[in-house]
Amino acid sequence: ISNLHSQHPSPNGPFTTVELHVGKSVRNPASRCQILDTAGKPIVLQRGPNTDITFGDGNKGKWTFRDQSSKVSKVICDPSFRQLSAGSGSEILVQLSNQGSELGIQVSFTEGQRQEKLVNPGPFTTVEVMVGPLVRKQDYRCQVFNKGGKAIVTTRGANRDTTFSDAGKGEWTFEKESEVSKVVCDPAFKAAPAASV
């Protein structure tokens with residue numbers, strides 16, 4: 001779109017701010033864009049009280065990169081981009097499901113420290129963690145425990161683990177249907193491959 005442009009000093013960066021100017025002839029003055037880092041992930045931006053992964057003009061000036069500076073691989077402008085609503089994007093959601101019994105629950109966590117939440121026991125067959133785009137630690141990991149207090153082994157593709165992450169790859173499957181006592185999310189968790197059976 002020729003009337004949308006971001007201003008930055010060089011083609012690749014690193015950059016610390018971005019600004020969008022929407023021309024008067026643009027049909028949708030609320031148009032928004034997104035910038036991606038060199039890993040192809042959206043860069044989190046801040047302007048005043050707003051934190052978002054897309055940015056607009058609004059005649060309010062520059063957006064600042066939340067995490068200091070970054071190199072930019074791509075700027076994307078898309079009419080489907082919307083501003084995040086207050087509080088959205090900063091949650092860690094864990095969803096436990098059992099398609100066979102049509103049972104599912106979702107548990108919400110906030111980033112920063114270890115949290116444990118007791119849950120409906122199920123039984124469940126899958127778990128998925130969804131890390132919001134504003135969460136600083138995108139590789140946040142969680143763990144589910146059975147009624148006996150042992151970590152449940154989950155699998156996704158070739159991975160067999162007792163902790164699980166989002167990585168945009170969907171749900172993890174329990175090796176066997178299990179009742180669950182609690183869900184724990186902790187920024188200190190690392191991948192914990194389970195021994196083969």
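Select C77 to begin: at 31% relative accessibility, C77 counts as partly exposed, a label for residues between the buried cut-off (under 20% relative accessible area) and the exposed one (over 50%), with a 1.4 Å probe and protein chains only. You're looking at a predicted model, where local features need pLDDT of at least 70, side-chain atom pairs count only at pLDDT 80 or more, and totals for chains, interfaces and linings use all residues. Residues are numbered from 1 along each chain as its sequence is written, and side-chain values use heavy atoms, with hydrogens and water left out.

C33 sits in strand β4 (residues 32-36) and C77 in strand β9 (residues 74-77), so the bond ties together parts that are 44 residues apart in sequence. Strands are DSSP runs of E, at least two residues, numbered from the N terminus. C33, at 1% relative accessibility, counts as buried. Look along the S-S bond: the angle about it is 95°, and the C33 to C77 link is right-handed.

Where next? Pick C142 and C185, also joined by a disulfide, S to S 2.0 Å. C142 belongs to strand β14 (residues 141-146) and C185 to strand β19 (residues 180-186), so this pair ties together parts 43 residues apart in sequence. Both C142 and C185 are buried. Their link is right-handed, with 100° about the S-S bond.

Finally, show both bonds together: the structure holds two disulfides, and, counting bonded cysteines along the chain, they follow the pattern 1-2, 3-4.

Methods. A disulfide is a pair of cysteine sulfur atoms within 2.5 Å. Helices (H or I, at least four residues) and strands (E, at least two) are DSSP runs, numbered from the N terminus.
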